[in-house]
Amino acid sequence: MAPRKIIIDTDPGQDDAVAILLALASPEEIEVLGITAVAGNVPLDLTSKNARIICELAGKVDVPVFAGCDRPLGRDLVTAEHVHGKTGLDGPDLPDPTMPLQDQHAVDYIIDTLNNEDAGTVTLCPLGPLTNIATAFQRAPEIVEKVQQIVLMGGAYFEVGNITPAAEFNIYVDPEAADIIFKSGVNIVVMPLDVTHKVLVTKPRNDGFRALGTPVGVAVAEMTDFFERFDKEKYGSAGAPLHDPCVTAYLIKPELFTGRHINVEIETASELTLGMTVADWWGVTDRPANATFIGGIDADGFFDLLTDRLARL
């Protein structure tokens, strides 16, 4: 089979970085057409810089990187330096990128790519707030039916919220954008906290990254060393959850994951539960299913895949 064409829409973030590295290390399964940056974990100037730092770390300087929306559709930007550090990639000491940022706006790139590629051949992989994708859908509604699939990291059900009691960060930052995506009719696969909190970088797993002895392996280990302090303190967990690499791993080995095709609605009005992904996991409403909501993962298989692929870079 030909590799799957994807656009990675991202706000790096250490876990975003690992997701990008996994994609770039897997050309048999994945062809990364481009990377679009959005404001989220840190502001846009840093997310667009960090995406290029990661491409250079991987030795993939030919992957075009585009800067997109610098704020949510209708809200002030909320960022997460308290998790990811002031740069978004705190941990390793990585050089500033030399590869250029593309002149074209990320939203225009998404629209042009979906219009120029055959319908049903491009998968969108959002790892951050959904502002870029929603803006593209609003600006060029004809592209919606051309999307093969959206595989995104965001939301939660059993694990509830990580930025508010009810909401996961990516959805909370731009709930209006998420609402547009979930009502779009596109085939959607969701990696919520319910699954990402099951892939924890324990010390033996992180030692496995460091033991690769490569710049990529060491950088990933240093990223998770930094990243995990927040989750260990907050959740009392054994290590950091690798949220965003679940998206890439699903594209490579979907058999690692289990979930249900259910209805997912986004709360956009309530002060109390703004950004909540109201997932009808138990089928208690008659609202039509609009997303495959992942709930289970083979964590050992996930880390075997990740370590094996990172060793290639």
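In the predicted model, the side chain of Glu-28 makes a polar contact with the side chain of Arg-312, at 2.9 Å. Glu-28 lies in the loop between helix 1 and strand 2 (30–37). Apart from residues up to four places away in sequence, Glu-28 touches Met-1, Pro-3, Arg-309 and Arg-312.

Asn-170 belongs to helix 6. Its relative accessibility is 5%, and Asn-170 is therefore classed as buried, the limit being under 20%. The side chain of Asn-170 reaches the backbone oxygen of Leu-127 at 3.1 Å. With neighbours within four places in sequence left aside, the residues in contact with Asn-170 are Asp-11, Leu-127, Gly-128, Pro-129, Met-153, Gly-154 and Asp-244.

Two features of backbone geometry were examined next. Most residues other than glycine have a negative phi, and most peptide bonds are trans. Val-160, a residue other than glycine, has a positive phi, near 50°. Val-160 is found in the loop between strand 5 (147–153) and helix 6 (169–173). With a relative accessible area of 40%, Val-160 is partly exposed. The peptide bond joining Pro-12 and Gly-13 is cis, with omega about 0°. Gly-13 is placed in the loop between strand 1 (4–10) and helix 1 (14–24).

Helix packing was described for one pair. Two packed helices are described by the angle between their axes and the distance between the axes. For helix 9 (residues 203–210) and helix 12 (residues 299–310), the angle is about 15° and the axes are 10 Å apart. Because angles under 35 degrees count as roughly parallel, helix 9 and helix 12 fall into that class. The crossing of helix 9 and helix 12 is right-handed. Helix 9 contributes Arg-205, Gly-208 and Phe-209 to the contact, and helix 12 contributes Ala-299, Asp-300, Phe-303, Leu-306, Thr-307 and Leu-310. By residue class, the contact of helix 9 with helix 12 consists of five nonpolar, two polar and two charged residues.

Note on methods: Residues are numbered from 1 along each chain as its sequence is written. This is a predicted model: local features need pLDDT of at least 70, side-chain atom pairs count only at pLDDT 80 or more; totals for chains, interfaces and linings use all residues. Side-chain values use heavy atoms; hydrogens and water are left out. Axes are lines fitted to C-alpha atoms, for helices over the stretch in contact, and angles run from 0 to 180 degrees between N-to-C directions. Helices (H or I, at least four residues) and strands (E, at least two) are DSSP runs, numbered from the N terminus. Angles under 35 degrees count as roughly parallel, over 145 as roughly antiparallel, 65 to 115 as roughly perpendicular and the rest as oblique. A crossing is left-handed if the near helix is turned anticlockwise from the far one by less than a right angle, and right-handed if clockwise. Contact means heavy atoms within 4.5 Å. Ala, Val, Leu, Ile, Met, Phe, Trp, Tyr, Cys and Pro count as nonpolar, Asp, Glu, Lys and Arg as charged, and the others, Gly among them, as polar. Buried means under 20% relative accessible area, exposed over 50%, partly exposed in between (1.4 Å probe, protein chains only). A polar contact is a pair of N or O atoms within 3.5 Å; within protein, one must be able to donate a hydrogen and the other to accept it, and residues adjacent in sequence count only if both atoms are side-chain atoms.
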